[in-house]
Amino acid sequence: MKYQTRKKAILLLEDGTIFHGKAVGDKEGKAFGEVCFNTGMTGYQEIFTDPSYFGQIMVTTNAHIGNYGAKEDEKEAETAQISGLVCKNFSYYQSRPAADETLKEF
């Protein structure tokens, strides 16, 4: 397993509150949206592609996101609908043999 270097990221709320974290992926830029949360223990791919979450920044309460990868037939839409993701532990590697790709690749 290779160490992942990650760039700094911030979540800036309308009232000026700032949360510091690390970015996942290679893209740089800004995302805007309503911050909302989901308490699901599984099904993160369906959450990220669900059109009802369009434009929202999703905060997950489950500690690990990405550990079982992404599967083509588990999408609600062809592309991600959320504009951002906040999670505690993002897994770059998936452990499910049936997965088609990692969540980072998705």
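These legends walk through several close-up views of one predicted model.

The model is predicted, so local features need pLDDT of at least 70, side-chain atom pairs count only at pLDDT 80 or more, and totals for chains, interfaces and linings use all residues. Residues are numbered from 1 along each chain as its sequence is written, and side-chain values use heavy atoms, with hydrogens and water left out.

**View 1. The annotated domain spans residues 7-106.**
Let's start with the overall setting. An unreviewed UniProt entry labels this stretch "domain: Carbamoyl-phosphate synthase small subunit N-terminal"; such annotations may be inferred rather than shown by experiment, and their positions are given in the numbering used here, with feature names shortened. Over residues 7-106 the chain is 6% helix and 25% strand, where helices (H or I, at least four residues) and strands (E, at least two) are DSSP runs numbered from the N terminus. The end C-alpha atoms of this stretch are 19 Å apart.

**View 2. Strands E3, E4 and E6 form an open sheet.**
The order is E3-E4-E6, with parallel pairing; two strands pair if DSSP finds at least two bridges between them. Strand E3 (35-38) and strand E6 (84-86) stand at the edges, each with a single partner strand, so one side of each has no neighbour in the sheet. From one strand to the next the twist averages 30°, taken between N-to-C directions of lines fitted to C-alpha atoms, on a scale from 0 to 180 degrees. Strand E4 (residues 57-60) joins E6 over 3 bridges; here Ile-57 is partnered by Gly-84, and Val-59 by Val-86.

**View 3. A right-handed crossover links E3 to E4.**
E3 and E4 run parallel and share 4 bridges, with Asn-38 opposite Thr-60 in E4. Right-handed means that, with the strands pointing away from the viewer, the path from the first strand over the helix to the second runs clockwise.

**View 4. E1 and E2 make an antiparallel hairpin.**
The two strands pair over 5 bridges, and Lys-8 has Lys-22 in E2 as its bridge partner. There are 5 residues between the strands, and Gly-16 takes a positive phi near 95°.

**View 5. The largest pocket holds about 1,800 Å³ of space.**
A pocket is an open set of points on a 1 Å grid over the protein atoms alone, with protein on both sides within 12 Å along at least five of seven lines, and lining residues have an atom within 4 Å of a point. Its 42 lining residues include Val-24, Ala-31, Ser-83, Gly-84 and Leu-85, which lie nearest the centre. Strand E1 (8-12) gives the largest share of the lining, 5 residues. By class, the lining divides into 22 nonpolar, 8 polar and 12 charged residues.

**View 6. One cavity of 30 Å³ or more turns up in the whole structure.**
A cavity is a set of grid points where a 1.4 Å probe fits but cannot get out. The largest cavity has about 50 Å³ of space, and its lining includes Asn-38, Tyr-44, Ile-47 and Thr-60. This lining has 4 nonpolar, 6 polar and no charged residues.

Note on methods. Grid points are joined across faces, edges and corners, and a volume is the space filled by probe spheres set on the points. Ala, Val, Leu, Ile, Met, Phe, Trp, Tyr, Cys and Pro count as nonpolar, Asp, Glu, Lys and Arg as charged, and the others, Gly among them, as polar.
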